[in-house]
Amino acid sequence: MENTNFIVIFLNWLLSFDKKALILGASAIGAGFAMIAGIGPGIGQGYAAGKGAEATSTNPKGSKHSTMIMLLGAGIAETSGILSLVIALILLFGNPLIKQDGDGLIIAVSAIAAGIAMIAGIGPGIGQGYAAGKGCEAASMNPDGSRPSTLVMLLGSAVAQTSGIFSLVIALILMYANPLVTGHQSTIIVAASTLGAGIAMIAGIGPGIGQGYAAGKGTEATGKRPKYQSNVIKTMILGQAVAQTTGIYALVISLVLMFANPLMKLL
């Protein structure tokens, strides 16, 4: 009972603020959460840089090529950070939530949930950086096979971004088309469902890292035996598809919470 009272007191305290101030405050928190995704690209690009330096010492004559692959892979690994930056900038400079009609608390929670959803970008950033590092390694070990291995790196890295794109979609829905904002159900359940929709997407960290690992190993294998590129790609893509399963589960739950929430029928 005491916990219930605490929640009620907390909600009443939040609702005592002006609606616009509440949304703006929550948007600041959401922007901060979104930028946590920068952890992934930072780690991934650092790994790629380390492997690039190692490749230069292994094959000094091919250092220019290794460096180019390192920069290309690191650029791809930056994608998650850029997507999170875009969401943070929208929340700060072009916030669509401020003009939305509906419950102020739900709209404020939408801003926080959108930022939390983008945390999933940690996974793709790490995974893509790993693939870039393996691309440098493959180029130094077998310069003649660098072209097919780089192709595998690019393909695998693109697939590894899937979780980040899922999170971006959920974040945009939360900011521009959250169906819960205009509902008339219990505020506590709707607010919790909105927050849950964002939290569910954090699961994308795992698939992002796993798919990046598959891309890295595929790149490494192609570098060693370029003539098996086709078979390596098939196995890599199949494995990445399986690795994405939990990310899809998270996406489904997030969408169910917003568009077909069974909890609303239990009120």
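Modeller: Buried residues, meaning those under 20% relative accessible area with a 1.4 Å probe and protein chains only as cover, make up 50% of the 267 residues in the protein. This is a predicted model, in which local features need pLDDT of at least 70 and side-chain atom pairs count only at pLDDT 80 or more, while totals for chains, interfaces and linings use all residues. Residues are numbered from 1 along each chain as its sequence is written, and side-chain values use heavy atoms, without hydrogens and water.

The protein holds 13 helices and zero strands; helices are DSSP runs of H or I with at least four residues, strands are runs of E with at least two, and both are numbered from the N terminus. The C-alpha trace spans about 65 × 35 × 35 Å along its principal axes.

The pair in question is helix 3 (residues 39–58) and helix 4 (residues 63–77), which pack at an angle of about 175° with their axes 9 Å apart. Here axes are lines fitted to C-alpha atoms over the stretch in contact, and angles run from 0 to 180 degrees between N-to-C directions. Angles over 145 degrees count as roughly antiparallel, and helix 3 and helix 4 are therefore roughly antiparallel to each other. Helix 3 makes the contact (heavy atoms within 4.5 Å) through residues including Pro41, Gln45, Ala48, Gly52 and Thr56. On helix 4, the partners are Ser63, Ser66, Met70, Ala74 and Ala77.

Across the whole protein, among contacts between residues at least 6 apart in sequence, 91% join residues at least 24 apart.

Terms used. Parallel < 35°, antiparallel > 145°, perpendicular 65-115°, else oblique.
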